Amino acid sequence: MSTNPRIAWRQSTLQITRIHPPCPAPYDQHTIRHAPAHDPVRARAVVAELPTVSTIVEELEPMLRRDMDHPRHMADLDYVAVGCWGTAVQISDPAFGEDGILSTHLDAAFDAQAQAHPEARITAVCEMYSAETYAKYLARVPGQSRLSADGWDDQDVTGNPAQLLRAVGVNSGDSGAGYLGTDEGEPWIGVEYLDLLACGLHSLYAEENLMVSVFKVTRTEDVQAAIDDVWLQN
């Protein structure tokens with residue numbers, strides 16, 4: 001590897017969202033400003049429990065979620081952001097990244113969250129943009145089978161997207177209800193579907209005021225090696 005490796009991906013979205021009961025009503029561009037205030041104390045506890053984090057080196061000032069940027073330089077890979085808004089928790093971590101070929105880092109992070117929080121509905125997102133785009137989406141609703149969708153130009157979907165929506169109370173009158181008719185097909189899992197499970201918190205809104213805490217962290221040797229495999233190139 002070069003002595004001056006660079007980030008291999010131009011843009012990314014890497015996050016896991018947990019919605020604990022009682023689940024809030026779905027947020028939209030109007031109601032998002034009424035979401036509960038961010039809890040930085042809880043955010044620090046969330047980061048400390050992540051298997052992708054060895055130690056917390058520094059806690060930065062909270063910032064607006066919509067002002068967060070994707071990693072551009074090697075040093076950016078050392079930062080993790082967490083938002084805690086009432087019963088919702090959202091974690092953004094470069095260690096969730098995958099290259100779409102050999103790595104399956106998001107699965108391990110998702111499974112750890114599902115095991116630690118069996119009562120929560122959980123969505124996980126890995127979107128990596130370069131010359132081509134790779135995306136993986138995972139979802140778990142308590143009492144239901146796991147959903148997985150991943151691919152480059154196409155998606156391979158495992159699980160029943162409509163069944164998960166019914167389990168969280170989506171009905172035919174809701175936005176995105178077209179997914180309820182996809183029991184036998186393979187729908188394209190995207191923003192609208194993820195928002196239905198994550199109470200609207202997958203989307204970013206221009207006027208939102210959601211805050212997140214940002215932490216500089218260290219990694220274990222194996223986690224750092226996995227990050228380097230995905231993010232760095234000669």
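In helix 1, the exposed residues V41 and A48 lie on the face turned away from the buried side of the helix. The model described here is predicted. The buried residues of helix 1, which spans residues 40–48, are A43, V46 and V47. Viewed down the axis of helix 1, these buried residues fall within an arc of 95 degrees, so they line one face of the helix. An α-helix has 3.6 residues a turn, so residues three or four places apart point the same way. The cover over the buried residues of helix 1 includes strand 2 (11–19), strand 3 (55–59), strand 5 (79–85), strand 6 (88–92) and strand 11 (211–218).

The N-terminal end of helix 1 is capped by D39, a side-chain oxygen of which lies 3.1 Å from the backbone nitrogen of V41. A37 is located in the loop between strand 2 and helix 1. This residue, A37, is exposed, because its relative accessible area is 67% and exposure is assigned over 50%. Apart from neighbours within four places in sequence, A37 is in contact with C84, W85 and G86. The C-alpha atoms of A37 and Y205 are separated by 16 Å, and the two residues are 168 residues apart along the chain.

Helix 5 comprises residues 221–231, and its buried residues are V223, A226, I227, V230 and W231.

Technical notes. Residues are numbered from 1 along each chain as its sequence is written. This is a predicted model: local features need pLDDT of at least 70, side-chain atom pairs count only at pLDDT 80 or more; totals for chains, interfaces and linings use all residues. Side-chain values use heavy atoms; hydrogens and water are left out. Buried means under 20% relative accessible area, exposed over 50%, partly exposed in between (1.4 Å probe, protein chains only). Helices (H or I, at least four residues) and strands (E, at least two) are DSSP runs, numbered from the N terminus. The arc is that of the directions from the helix axis to the C-beta atoms. Contact means heavy atoms within 4.5 Å. A polar contact is a pair of N or O atoms within 3.5 Å; within protein, one must be able to donate a hydrogen and the other to accept it, and residues adjacent in sequence count only if both atoms are side-chain atoms.
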